[in-house]
Amino acid sequence: MINGGSKDAQSKPYLMKLSSYVLAVRPWSLSASVMPTLLGCAISTKFSDTRTNEWSFVILLLTLVIIVSVHGAGNVVNTYFDYVKGIDSKKSDDRTLVDHILSKDEVVTLGAMLYAVGCVGFITLAAVSPAKMEHLALVYFGGLSSSFLYTGGIGLKYIALGDVIILIIFGPISVLFSFMSQTGRLEWATIYYAIPLALNTEAILHSNNTRDLESDQHAGIVTLAIIIGHTASHILYAFLLFTPYIMFVVSAMRYSIWFLLPLVTLPSAFRIEKQFRCPETIQKVPKETAKLNLFFGFLYVLSLSLADTQRLPFIN
């Protein structure tokens with residue numbers, strides 16, 4: 001009993017450290033990369049030429065590992081540079097470095113490990129995917145570079161270009177990479193199907209930047225929320241949040257009734273939008289929007305999977 005108790009006591013610090021690493025990756029935000037990956041895979045099953053190529057669960061699993069690893073590494077890079085540049089403070093949502101949960105060296109090591117996992121996954125994927133390695137590499141390293149440059153290097157987030165990067169990475173890039181991994185083809189139709197999910201994902205970032213508008217301004221950085229102000233930021237957030245639902249209604253009327261499935265999340269969207277307007281509740285909005293993104297994205301992938309291929313636009 002004594003030996004067992006001592007082993008438990010020794011294991012607790014390791015478990016606490018592990019949980020600190022997991023929290024540093026911001027797991028609540030990872031739906032923003034998982035859903036586009038699943039969407040790209042769903043689109044790949046709709047192209048008639050894929051009948052000659054067997055759909056691969058291994059490729060899907062590898063793609064998920066790659067994209068989630070790069071996303072997690074980008075989150076860690078964001079944590080590091082926000083802290084180093086003095087942007088994160090006691091009021092910040094990310095407590096990893098502010099509360100000394102991890103040291104700066106540990107954060108750097110975690111980011112490097114995640115990028116390494118992504119690169120190993122990419123090499124493995126290139127070996128089993130029907131896609132040409134140079135095509136996969138172009139998309140992969142474009143996404144990896146963007147995840148780092150978001151706050152590292154020139155720091156696109158700090159010069160009001162973060163919103164553009166998020167729209168591209170968690171929309172067309174992730175969907176195209178997943179689609180290409182399965183089919184070996186480059187289809188611009190994936191951009192069309194990525195739009196609703198990209199807008200919903202951008203709402204996560206915009207709500208975060210609007211919440212931190214005053215602290216970011218005090219730190220001397222420039223975001224889109226700072227440029228347009230509170231009122232216009234609210235209008236933009238509503239646009240990002242509700243435009244996809246309008247697109248789904250139109251798609252349901254023209255192509256398939258299954259596109260009404262994501263509308264199940266509409267009441268939650270109205271509730272979150274109401275929280276966004278209130279200074280007392282806006283703190284919760286980024287995580288609430290990320291939670292919405294998870295269910296919204298899943299229902300979108302499901303609706304596309306159930307829709308009749310012959311009636312879908314830009315596929316046949």
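**Ground rules**

I call a residue buried under 20% relative accessible area, exposed over 50%, and partly exposed in between, using a 1.4 Å probe and protein chains only. The model is predicted, so I keep local features to pLDDT of at least 70 and side-chain atom pairs to pLDDT 80 or more, while totals for chains, interfaces and linings use all residues. Residues are numbered from 1 along each chain as its sequence is written, and side-chain values use heavy atoms, with hydrogens and water left out.

**Entry: salt bridges**

I count a salt bridge when a side-chain nitrogen of Lys or Arg sits within 4 Å of a carboxyl oxygen of Asp or Glu. That rule gives me 6 salt bridges.

I looked at E273 to begin with. Its side chain meets R277 in a salt bridge, 3.0 Å from N to O. E273 has 9% relative accessibility, so I log it as buried.

Next, R185: it bridges to E187, and the closest N and O atoms are 2.1 Å apart. R185 is partly exposed, because its relative accessible area is 23%.

Then I went to α11. Helices here are DSSP runs (H or I, at least four residues; strands are E, at least two), numbered from the N terminus. K291 and E288 form a salt bridge, with closest N and O atoms 3.9 Å apart. The two are 3 residues apart in helix α11, so about one helical turn separates them. K291 is partly exposed at 47% relative accessible area, while E288 is buried at 17%. R271 joins in too: R271, E288 and K291 make up a network of salt bridges.

**Entry: nonpolar cores**

For a core I take buried Ala, Val, Leu, Ile, Met, Phe, Trp, Tyr and Cys residues joined through side-chain atoms within 4.5 Å. The largest one holds 36 residues, and L39, I43, F259 and L304 have the most contacts inside it. At least two residues each come from α2 (31–44), α6 (162–183), α7 (189–211), α9 (224–254), α10 (266–276) and α11 (285–306). α9 gives the largest share, 8 residues.

Which residues does L39 touch, leaving out those up to four places away in sequence? With contact meaning heavy atoms within 4.5 Å, I list V175, Y193, A194, L197, Y300, V301 and L304. Another core, of 32 residues, lies apart from the largest one and has L62, I87, L136 and A137 among its members.

Is T201 buried or exposed? It sits in helix α7 and counts as buried, because its relative accessibility is 3%. Not counting residues up to four places away in sequence, T201 touches A32, I166, F170 and N293.

N78 is in helix α3 (residues 57–84), and with 7% relative accessible area I note it as buried.

**Entry: aromatic pairs**

I pair rings of Phe, Tyr and Trp (its six-membered ring) when their centres lie within 6.5 Å; planes under 30 degrees apart are stacked, over 60 edge-to-face, and the rest tilted. I get 14 aromatic pairs. Y192 and Y193 are an edge-to-face pair, because their planes stand at 85°, with ring centres 5.1 Å apart. Y192 is partly exposed at 28%, whereas Y193 is buried at 2%.

Y237 and F276 are stacked, since their planes are at 5°; the centres are 4.2 Å apart. Y237 belongs to helix α9 and F276 to helix α10, so this pair ties together parts 39 residues apart in sequence. Both Y237 and F276 are buried. I also found a cluster in which ring pairs link Y245, F248, F259, F296 and Y300.

**Entry: surface patch**

For a nonpolar patch I join Val, Leu, Ile, Met, Phe, Trp and Tyr side chains within 5 Å, using residues with over 30% relative accessible area and no salt bridge. V249, M253, I257, W258, L260, F298, L302 and L306 form one on the surface, with about 760 Å² of accessible area together, areas being Shrake-Rupley values with a 1.4 Å probe. α9 and α11 each supply at least two of its residues, and the largest share, 3 residues, comes from α11. V249 lies in helix α9 and is partly exposed, with 33% relative accessibility.

How values were computed: Patch = residues over 30% accessible without salt bridge, like charges linked within 9 Å, V, L, I, M, F, W, Y side chains within 5 Å.
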